[in-house]
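Biologist: Please take a close look at one backbone spot in this model for me. Then carry on from there into how the rest is packed.

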Amino acid sequence: MEPGSDIHAITEKVRQESALVDRILQEMDRVVVGQRYMVERLIIGMLCGGHVLLEGVPGLAKTLTVSTLARIIQASYKRLQFTPDLLPADLTGTLIFDQRTGDFIPKKGPIFANLILADEINRAPAKVQSALLEAMQERQVTIGDETYPLDDPFFVMATQNPIEQEGTYPLPEAQVDRFMLKVRVGYPSKVEERQILDRMVEDTPIPLEAVMDLKDMRRLREAVRLVYMDDKIKDYIVDLVHATRFPEEAGIPDMAELVEYGSSPRATLFLARASRAHAFIRKRGYVTPEDVKAVGADVLRHRVAVSYEAEAEQIDADDIVRRLFDHVEVP
């Protein structure tokens, strides 16, 4: 597509379709105070067909946000509370013996839903984490000898406690890489916390309007794919990801000893998709460097492994990503 030839038509279509996103945000604001950043990242993941990992201390409305979103988009929803005694079959399902027929019949697990909330995913042992993350990647589950496709669309929104907390099992890097975005959820402001207090005192259920269905969701995903991305933006994305692997080639030699290893090619694809979705939410039919910067930390922070030297200097992945965006030339 030539830039400028159909860009106005794309922008007009994006403006029309993104009106649904505005309605989602309006309904979310009726229930969730603040946390607009987290809500937008969940919508970006949904528009791209990607999974989202939310990290933050308990009590920051992560679970409330995901369950509210499921009601607004009319998606089938299952919440999985991860615990140390959970088994893979508790997620995927198992075979049950039918005494009448003498056969084993499959009993599907709760993972067969459109939107899965994997609550406190890092409190479950590795086998359970692997079972979920394999389903996320393959979008299918094997029970006995039969393989069953998962619902379409299928999104996993996982919450994770900070790994310093007791009783947590860190997700292996290769598995956490399957999450499109890792979003750090912070505390509300004083004004927002006062609003939360006022709402909780009333303690009355807030009626929600379902503003779209899964058919609308599929249509929005197609509209996001139409958002134009110039070759210079594509080069910018590749430069950023490449700089996580070889910072000295990007002109950041002092960062080489701070990075154990950089991002996989999956980061390049996800950064491009997330940038398109961010432009879509902002009602633009084309991607700008600001879109890339807006989603860059969420796409890259869990794909950059910091070295022991960095940890000794109390430099984390977010610091590394900030240095990347400061040094890599913007088109």
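**A closer look at Arg139**

Modeller: Arg139 counts as partly exposed because its relative accessibility is 32%, and that label covers values between buried (under 20% relative accessible area) and exposed (over 50%), using a 1.4 Å probe and protein chains only. This is a predicted model, so to speak of local features we need pLDDT of at least 70, and side-chain atom pairs count only at pLDDT 80 or more, while totals for chains, interfaces and linings use all residues. Residues are numbered from 1 along each chain as its sequence is written, and side-chain values use heavy atoms, with hydrogens and water left out.

Now the backbone. Arg139 isn't a glycine, yet its phi is positive, near 55°. You'll find Arg139 in the loop between H6 and strand S6 (140-143); helices (H or I, at least four residues) and strands (E, at least two) are DSSP runs, numbered from the N terminus. Pro153 is in the loop between strand S7 (146-149) and strand S8 (155-160).

On to the packing. The largest nonpolar core holds 75 residues, and Ile24, Ile43, Phe280 and Val292 have the most contacts inside it. A core here is a set of buried Ala, Val, Leu, Ile, Met, Phe, Trp, Tyr and Cys residues joined through side-chain atoms within 4.5 Å. H11 gives the most to this core, 9 residues. A second, separate core has 27 residues, including Phe82, Ala124, Val128 and Ala135. Back with Ile43: leaving aside neighbours within four places in sequence, Ile43 is in contact (heavy atoms within 4.5 Å) with Val21, Ile24, Leu25 and Ile281.

Last stop, helix H1 (residues 7-17), where Ile7, Ile10, Thr11, Val14 and Glu17 are buried. Seen down the axis of H1, the buried residues fall within an arc of 130°, so they line one face of the helix; the arc is taken from the directions from the helix axis to the C-beta atoms. His8, Ala9 and Gln16 are exposed on the other side of H1. The buried residues of H1 pack against helix H2 (19-31), helix H9 (214-226) and helix H11 (265-281).
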